[in-house]
Amino acid sequence: MTNTSVDTKQSSNGTAGFVRRMLANTGPLLILVALWIILMILSEPFRNPRTWGLLALEVAAIGVVAAGQTFVILTGGIDLSVEAMVSFAGVVAAILIAGTSIAGGQVANGLPSVVAIAVALAAGIGIGMFQGMLITLFRMNPLIVTLGFRSMLLGVALVWTRGAGINILKDGPLTAITTVIRVGNFPIPVPFLIAVVVYLASWFVLKHTKFGRYTYAIGGNETAARLSGIRVDLVKATIYGISGFLAAIGGIMVMGRLQSGAYQNGTNMTLASVAAVVIGGTSLSGGIGGIWGTLIGVTIIRIVEAGMVYLDVPSTAKEIVIGAIIVLAVMLDVIRRGEVPWLRIRRRAG
Amino acid sequence: MSETILTTASDTESTAKPPLLEMRSITKRFPGVLALSEVDFDVRKGEVHALVGENGAGKSTLMKILSGVYERDSGEVIFKGQPVAFRNPRQSQLAGITTIYQELNQVPYLSVTENIFLGTELTRGGVALKWSEMHQQARDLLAKLHLDIDPRTLVGRLGVGMQQMVEVAKALYHKADLIIMDEPTSSLSIREINDLFNIVRELKAEGVSVIYISHHLEETFRISDRTTVLRDGHLIKTQPSADLNVDRLIRLMVGRDLSEQFPKEIEVRGDEVLRIEGLNQGATLRDINFSAYAGEVLGIAGLVGAGRTELVRAIFGADPIDSGTFYLDGKKVNIKSSRDAVHNGIGLLTEDRKRQGLFLQMTVRENITISVLERLTRGLTTNRKREVELSQQYIDSLAIKTSGQDQLAINLSGGTQQKVVLSKWLVTKPRVLIFDEPTRGIDVGAKVEIYRMMNNLAKQGVAILMVSSELPEILGMSDRIMVVTAGRIRGFLDRDEASEQRIMELATATDRQTIAEVLPDLFSE
């Protein structure tokens, strides 16, 4: 009977399936479009493409970080260390470029930015994978492991910089990846393009490679994944590596934009990334969700923040709004899944 | 003349004693399907009423409407003479209807007493718990059920059978008039089933009514007064169980003849495929030595807790072992993980397919190909076209009832899900395939299909190991039977010499030394 009880939206292949997936994704997308339209109506500067360019820049770094978070959450884990990694990677790169860990003026006799960035990214992968190994090999709770590393990485960034920002001068390559290019009337920040590439790559990995399939499988049923012969520990460790790597890219973006590596660079990015993932429809218990939802989630968060600026809401109230959005997103998520018994819209035959 | 009088007499009798429960013309619709269509159902006081039907016939839906999990679309429910409409299970429980679910709803880290009194704790002034009184009452309830367990024991330490008994004790505490037992024996050993039946008889003697849902038809005859058959959401028949037999019942359930329950085809035994030497694992497995042959179904029988599941999990590399050498096709192989097992051509259909076998939120295709994605990967990407072809091939050959490859596994029936898990292993072209309780919770029609697939696999030279608690299944499908007791192999029986009697003799053989060695571990587990 369960066979026949499948409602028509579920039974799908080809175009029908595509439409269904689109519908499932439209929730966050509709909210985004609605916000956009509301802000266009209410706020004069919001109609200006320059503002959009700025928004794209705001989306870039957190977007890349949240992409990594998406992988982790899809496996049923969580990475609370990302904001610390953003700061840490920025500090590492800045110190290497500046050739000094003393705050203030750029000495400009450090390493070329390409080398410095490579070191910072390698550190991101390495530290991420190390966390993943602790989580898998010792069966430690990801919440605690990544929380511990958050503290350690922030601590190291703080010690190395003595609490101040390491200022740098941008050389050619660093300028190239932080500049804004113009397409007609539209300013497009290069970091945003990088973010787009990251999202395309993430989509490709999740949809078209065995690694992506394993990611969903582990989040959906880790025991079954193990019993199906999947190297669960390896995949999970790699995924924390990916998260560390993408957080480090985010860190370079922030550092490049500010021309400063400081331990505060990543502030609030953990919460924002988890919020973006959840708003985008990825289940915190893993196995369900996707990368594009996260991009929408990130954009929603940034658009709300920008909207508050343009509507003269005191910036101190930002946290209240973001917090409320997260709670609302999770609420929508459980309702949509029919996990709230007294709100269950349709029930399946048992 | 005399006939008329008799009819009148019985009519008067039944009107004089109104049934405890009457469900009239119950209809329930889910999106796309009519789950129940004007079903009538009644239970008398002190009656054991069996409710049977294939998966999806509507048994669970009917019971969920009764207990308040679902709302009915139309029809009425009269309980103890009052029309009722329970809105949640708590309301029905307060009214005197308790359900004992297939998946038990207990808190493993709380004691037996705490579980029995959960939500209705005895307190002084609403705050302080009256421990000694609760323990005493729990002890009395357990004694009533002839259960020899300390009420302070953590429920998680009890076996599934005992946990179920605790649920019964809880129902007794709540003074239930009607207990719904949903597949109560699916994970019980034969002895536990007997205990359960004794308890059901005692409940009955005390005037408690029981609705008994089971796929094990033999059981329903042993225990029930009347039997109601549902099929595709329709009431087929309610009649005294004494007037039925298994064949008739199956015909009523399936709507067609099932000439044989076990369509066993005997193959010529081929070469040795798997040989295990000196397998030991803590106190759970001791000195295991055996071989499995191509084309053979080796049944693994034993009581619950004898180590059958542990044995197959060890062979599959799912749990670490202390020692043991494995040979596949005569060659020594190293199996340290499930991955090694899969790569060496060993597959395991776990007993709990939802928790250990399936990816419920993934599609049929993704479930089928998960173990062979590496083979399907060219360069970076998975070969989508081959993946689609491959899964379609198995959907066709196993007649998997699905609306398409993209259907999520969660939306499939139990039997269909089992076929999907089976396909997952078939694509790996296994040399050895282990079935752990392959037909648990699966309806009669789907069972036969699974058995036919076993036949096919055996024909192709796969060595099959089948763990089962159902002796008819073991006897019906095995070429050879290995009996496991307390972590050791107690003996082998050939198909011709095997009988329920012989298996039980071996399974319950009291080698005092072995039992003494192992039992403490079983209890402290």
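**Reading the helices, the confidence and the domains**

Analyst: Gladly! In this predicted model, H12(A) passes H13(A) in a right-handed crossing.

User: What makes the crossing of H12(A) and H13(A) right-handed?

Analyst: A crossing is called right-handed if the near helix is turned clockwise from the far one by less than a right angle. H12(A) passes H13(A) in that way, so the crossing is right-handed.

User: How do you know whether H12(A) is parallel or oblique to H13(A)?

Analyst: Look at the angle. Helix H12 (residues 269–279) of chain A and helix H13 (residues 291–310) of chain A pack at about 120°, with their axes 7 Å apart. Roughly perpendicular covers 65 to 115 degrees and roughly antiparallel begins over 145, with the rest counted as oblique. That makes H12(A) oblique to H13(A).

User: Which residues of H12(A) and H13(A) meet?

Analyst: From H12(A) come A:Ala272, A:Ala275, A:Ala276, A:Val277 and A:Ile279, which meet A:Thr294, A:Gly297, A:Val298, A:Ile300 and A:Ile301 of H13(A). By class, this contact has eight nonpolar, two polar and no charged residues.

User: Why are H3(A) and H8(A) called roughly parallel?

Analyst: The axes of helix H3 (residues 49–74) of chain A and helix H8 (residues 190–208) of chain A cross at roughly 30° and come within 8 Å. Angles under 35 degrees count as roughly parallel. H3(A) and H8(A) are therefore roughly parallel to each other. Here the crossing of H3(A) past H8(A) is left-handed.

User: What classes of residue make up the contact of H3(A) with H8(A)?

Analyst: It has 13 nonpolar, two polar and no charged residues. Among those that meet are A:Leu57, A:Val59 and A:Val64 in H3(A), and A:Phe192, A:Ile194 and A:Tyr199 in H8(A).

User: How do you know where confidence is lowest and highest in chain A?

Analyst: By the mean pLDDT of each element. In chain A, helix H1 (residues 2–5) has the lowest mean, 36, and helix H11 (residues 232–258) the highest, 97. Over residues 1–13 of chain A the pLDDT is below 50, and this stretch has 44 contacts beyond near neighbours in sequence. Residues 345–350 of chain A are also below 50, with 16 such contacts. Chain A as a whole has a mean of 86, and 87% of its residues reach 70 or more.

User: How is chain B divided, and how many residues of domain 2 and domain 3 of chain B are in contact?

Analyst: Chain B has domain 1 (16–254), domain 2 (272–345 + 430–524) and domain 3 (362–421). Seven residues of domain 2 of chain B are in contact with five of domain 3 of chain B, and contact asks for C-beta atoms within 7 Å. Helix H17 (residues 444–459) of chain B gives the most to the domain 2 side, three residues. That side has five nonpolar, one polar and one charged residues.

Note on methods. Residues numbered from 1 in each chain as written. Chains lettered and ligands numbered in written order. Predicted model: local features only at pLDDT ≥ 70, side-chain atom pairs only at ≥ 80, totals over all residues. Domains from an automatic or database assignment. Contact = placed C-beta atoms within 7 Å. Helix = DSSP H or I, 4+ residues; strand = E, 2+ residues; numbered from the N terminus. Nonpolar A, V, L, I, M, F, W, Y, C, P; charged D, E, K, R; others polar. pLDDT = per-residue confidence, 0-100. Axes fitted to C-alpha atoms, helices over the stretch in contact; angles between N-to-C directions.
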